[in-house]
Amino acid sequence: MAKRFDVRQQNGFVTIAMVCFFLLYLPIGTLVVFAFNDNESLAIWKGFSLRWFHVAWNNTLVIESSIRSFQIAAVAAILATITATMAALATTRTKPYRGLTFKYAFINQPLMVPEIVTAVALLIVFSRIKIWTGYSGLGYLIAAHTAFCIPFAYLPIRARLESMDLSLETAAADLYAGKWQAFRHVTLPLLWPGILAGLMLAFVVSLDDVVITEFVKSGGQDTLPTFMLGQIRRGVTPEINAISTVFLVLSIGIVTAFFFFSRKRT
Amino acid sequence: MTAMRPAVEAKGVTRVFQGTGQDAVRALDNVSVSIRENEFFTLLGPSGCGKTTLLRLIAGFDFPSAGEILLYGQDIAPLPPFKRPVNTVFQSYALFPHMTVAENIGFGLKMLGKPKAEIEARVDAMLTLVHMQKLKSRRTSQISGGQQQRVALARALAPQPKVLLLDEPLSALDYKLRKEMQIELKRLQHETGITFIFVTHDQEEALTMSDRIAVMSSGKILQVGTPWDIYDHPAQRFVADFIGETNFLDGTVEGAADGKARVTLRSGARILATTTSDFRPGSQATLMVRPEHARLVKAAGDLSGTVETVVYFGTDTHIHIRLADGGPFIVRQQNSRCAGCGFEAGDKVGIQIGDAAAQMLKD
Amino acid sequence: MATAKEIADKAERNDIRSRWLLSAPALLIVFLAALGPLLIVVVYSFLTPGNYGDVKWQFSTDAWVSVLLQRDAFDDTLSFASAHLSIFWRSVSLSAMTTILTLILGFPTAYFIATRPEHRRDIWLFLITIPFWTNLLIRTFAMQEVLRNDGLINWLLQLLRITDHPIQLMYTNFAVLLGMVYVFLPLMVLPLYASMEKIDFRLIEAGYDLYATRFQVLRRIIVPLVAPGIVAGSILVFIPSLGAYVTPRVLGGGTNLMIGNLIELQFGQGRNWPLGAALSITLMAIVMVALLFYVRNMTRSDGSHG
């Protein structure tokens with residue numbers, strides 16, 4: 001039989017796509033493989049070993065910056081999610097009012113400005129505040145992370161709200177639920193997947209941040225990414241590979257959870 | 001019908017869709033049909049019967065698992081859709097949203113590399129043909145459903161295909177517009193002399209427009225014939241049931257000859273029926289009687305029963321009867337303005353079946 | 001007594017007021033820790049650099065002048081600051097090339113995903129999303145593993161005996177370009193996929209039916225239909241490329257700077273905060289122009305289709 005003509009196919013597209021997927025995973029794959037290399041150098045494979053994971057585990061700087069990363073990410077993600085949820089409730093399911101577009105633009109502003117510009121701006125402002133107040137704790141990092149996490153938390157929550165049936169709340173009101181009761185028993189349970197998605201996104205985004213953290217942090221406030229950036233500059237051992245691998249597994253875990261979670265709900 | 005040369009021929013065409021796991025679907029099962037040149041040919045059947053699949057095989061969007069499709073005697077299997085002199089009017093029209101009406105109509109000619117002047121002239125001619133001159137530079141999203149339908153038609157006709165495929169093109173239109181377009185399509189087919197292969201699930205549409213109809217069910221063609229053949233002489237129970245309203249009666253064959261058979265009904269009445277195949281005396285058979293071919297009488301008749309409901313339709317009245325043996329029967333009577341000739345629920349009535357009214361069916 | 005209209009108006013005013021209250025915390029945080037500081041950057045760009053970083057509160061336009069021009073140390077004449085210009089040019093051209101390369105790679109990839117059976121698409125999308133959510137630094141570092149003198153590419157080249165000594169790939173424009181393509185590819189694929197997923201494939205069938213070849217269908221039907229996705233993807237890649245900081249820093253070394261690194265330099269060794277501020281605003285201005293172009297393009301294509 002003659003070769004079939006597939007209307008969906010385009011010449012060479014499958015090949016390019018496969019190359020693309022291969023190239024996307026080749027560098028990460030290499031990185032992970034060499035994390036298990038029993039050698040000082042990154043280049044020559046000497047055999048399987050977990051020693052670089054031990055080295056990283058016993059490096060107090062690594063552990064400290066990891067803990068700091070998680071602290072900042074947890075606090076920032078929770079703050080961002082709460083405020084973003086409130087903002088999402090305030091900006092959806094309403095007829096347009098004065099200031100609505102302004103709010104959209106305002107909340108999404110951190111997405112539109114290059115990170116380096118925000119970083120520089122925060123450096124300028126926070127350095128002055130540090131001099132004025134004498135406070136130089138984690139508050140600055142948390143504030144900065146919360147601000148750029150807000151749009152990431154806001155987007156899925158808003159999307160969820162907009163796809164929600166408005167008549168449900170009307171029905172609740174019809175059944176004698178007050179405003180708060182309707183929110184508590186109808187809106188919030190339905191909104192929950194969106195909130196969780198927003199929280200996870202915000203958490204990952206905060207965990208991944210390098211640029212803003214690099215500019216805002218005071219001495220001794222390295223997060224894991226800024227610690228790694230410093231290490232890469234200095235020259236690398238497979239210890240960085242080991243840390244990256246752990247980080248990678250963690251990110252993949254969160255994204256996978258997010259993926260299956262959102263999939264089940266739709 | 002000028003020539004009897006087949007324009008499209010399907011020979012033993014089978015199309016199996018591999019589902020997930022074990023369940024494969026035979027969308028077409030060994031289908032053979034021959035469609036003549038300049039003919040308005042309709043593929044009629046319920047959804048899922050394989051009619052659209054057959055159309056897509058002819059267009060080249062899909063390929064048979066077995067068998068071959070010939071276009072003027074040539075096997076078109078190796079030809080991709082853009083090399084087949086066949087055009088399609090899609091069910092949802094599939095007009096290009098990023099082009100104007102005129103650009104849509106001219107698209108095929110442009111792809112064929114025709115000179116600009118020729119394309120323009122042809123587009124104008126097509127716009128005139130479908131009465132759309134005024135809207136030529138509109139976007140396709142800015143015109144109504146009926147107008148989109150006309151553009152789709154003009155677009156498919158513009159390259160002057162040998163065969164035009166129409167996939168339920170009228171199903172999205174409202175009733176009045178559909179009636180108009182039926183006549184319009186008939187006119188276009190007549191004027192262009194192109195072979196039309198029309199897919200529909202609407203039996204009325206099929207009967208009014210077609211030169212010939214193929215009735216399909218579960219991937220098979222059950223009967224091919226003129227609208228008259230299909231309606232009055234259905235070969236099978238499915239065909240009779242799918243097209244128009246029908247009464248079915250069970251009976252025993254007593255003797256058959258020359259396309260006629262004498263049958264004893266369950267009620268004991270003996271009537272004469274036409275038949276398309278041979279039945280041995282003594283065998284069981286199903287008879288079909290169209291509601292308008294039976295007559296209701298106050299007494300006597302071939303069958304007896306009780307009127308259950310009377311439904312008034314303006315031009316005629318449908319009278320639903322419960323037969324003495326328990327089965328249902330519908331009689332359709334032309335209305336007249338005579339007061340005393342009506343029937344009411346509860347009336348005991350007789351049903352008369354004329355000599356040519358009953359048809360024996362294969363199951 | 002209040003009329004029905006007055007009651008309705010009052011309810012609406014209350015509703016809007018409570019909506020402002022609800023959104024206040026988010027707006028406040030964004031203002032304090034993102035938008036507000038940007039305004040202060042504008043102020044800083046008109047001040048005089050301090051001796052040890054920071055600024056002196058003295059009005060000056062020097063920072064803005066030196067964005068593009070430089071003053072000769074001896075005769076005080078102005079000439080174009082070729083160092084800055086070459087960095088601007090590198091930033092714009094590398095970003096443009098990154099955008100084009102990600103489009104060339106991403107378009108077929110997105111199309112591939114969009115043409116898989118529905119239940120498989122999620123898996124392919126998932127495979128695109130994983131690198132997207134993997135730390136940018138880790139991905140850049142992974143690219144370094146590939147590009148180093150003793151990295152994967154050089155190892156392969158030597159294995160195949162194409163070269164007998166390692167080729168210098170790191171710390172070149174090529175390395176930065178490759179790194180950015182790698183890092184930003186998912187940002188191109190995702191919006192492209194989103195618009196390809198919506199393609200009505202009957203339009204493509206109609207194209208073939210009307211004698212268009214594969215390439216003509218691609219050019220005349222698929223590309224125009226997904227144009228909004230192409231614009232969205234290009235903007236999403238171009239803007240962060242322009243502001244890229246980590247990738248050029250790790251893969252470009254100290255020599256192949258982009259605007260982001262130049263800005264950082266002013267706050268570090270350069271100790272010229274006003275210049276850094278002026279450069280930041282310049283970068284933002286370029287980004288805003290790109291965004292405006294995007295918004296105009298979007299509204300135009302919306303108008304023509306709806």
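How many salt bridges are counted between domain 1 of chain B and domain 2 of chain B? The count is 0. The views below come from a predicted model.

**View 1. Chain B is split into two domains.** Domain 1 of chain B spans 6-237, and domain 2 of chain B spans 245-361. Their C-alpha centres lie 38 Å apart. To the contact between them, domain 1 of chain B brings 8 residues and domain 2 of chain B brings 10 residues.

View 2. Three residues stand out on the domain 1 side: B:Tyr231, B:Pro234 and B:Arg237. Together they supply 64% of the area that domain 1 of chain B buries against domain 2 of chain B, more than any other three residues. Salt bridges between the two domains number 0. Polar contact is found for 4 residue pairs across this interface, with both residues at pLDDT 80 or more. Helix H7 of chain B, residues 227-232, provides the largest share of the domain 1 side, 3 residues. By class, that side holds 4 nonpolar, 2 polar and 2 charged residues.

**View 3. Strand E1 of chain B pairs with strand E2 of chain B.** E1(B) covers residues 6-18, and E2(B) covers residues 24-36. The pairing is antiparallel and runs over 9 bridges. One bridge joins B:Phe17 to B:Val25 in E2(B).

**View 4. E1(B) also pairs with strand E4 of chain B.** E4(B) takes in residues 66-71. This pairing is antiparallel too, with 5 bridges. Here B:Thr14 is set opposite B:Ala66 of E4(B).

**View 5. Chain B touches chain A through 10 residues.** Chain A answers with 5 residues. The area buried between chain B and chain A is about 620 Å². Carbon and sulfur atoms account for 71% of it. The side of chain B that touches chain A has 8 nonpolar residues, 2 polar residues and no charged ones. Across this interface, 0 salt bridges are found.

**View 6. Chain A and chain C bury about 8,000 Å² between them.** Of this area, 76% is on carbon and sulfur atoms. The contact involves 89 residues of chain A and 83 residues of chain C. Between these chains, 14 residue pairs are in polar contact, both at pLDDT 80 or more. On the side of chain A that touches chain C, helix H1 of chain A, residues 13-35, gives the most, with 16 residues. That side of chain A divides into 61 nonpolar, 17 polar and 11 charged residues.

**View 7. C:Asp54 and A:Arg128 form a salt bridge.** Their side chains meet at 3.2 Å, N to O. In total, 2 salt bridges are counted between chain A and chain C.

How values were computed: Residues are numbered from 1 along each chain as its sequence is written. Chains are lettered from A and ligands numbered from 1 in the order in which they are written. This is a predicted model: local features need pLDDT of at least 70, side-chain atom pairs count only at pLDDT 80 or more; totals for chains, interfaces and linings use all residues. Side-chain values use heavy atoms; hydrogens and water are left out. Two strands pair if DSSP finds at least two bridges between them. Helices (H or I, at least four residues) and strands (E, at least two) are DSSP runs, numbered from the N terminus. Contact means heavy atoms within 4.5 Å. Buried area is the accessible area (1.4 Å probe) that two parts lose on being put together, summed over both. A salt bridge is a side-chain nitrogen of Lys or Arg within 4 Å of a carboxyl oxygen of Asp or Glu. Ala, Val, Leu, Ile, Met, Phe, Trp, Tyr, Cys and Pro count as nonpolar, Asp, Glu, Lys and Arg as charged, and the others, Gly among them, as polar. Domain bounds come from an automatic or database domain assignment. A polar contact is a pair of N or O atoms within 3.5 Å; within protein, one must be able to donate a hydrogen and the other to accept it, and residues adjacent in sequence count only if both atoms are side-chain atoms.
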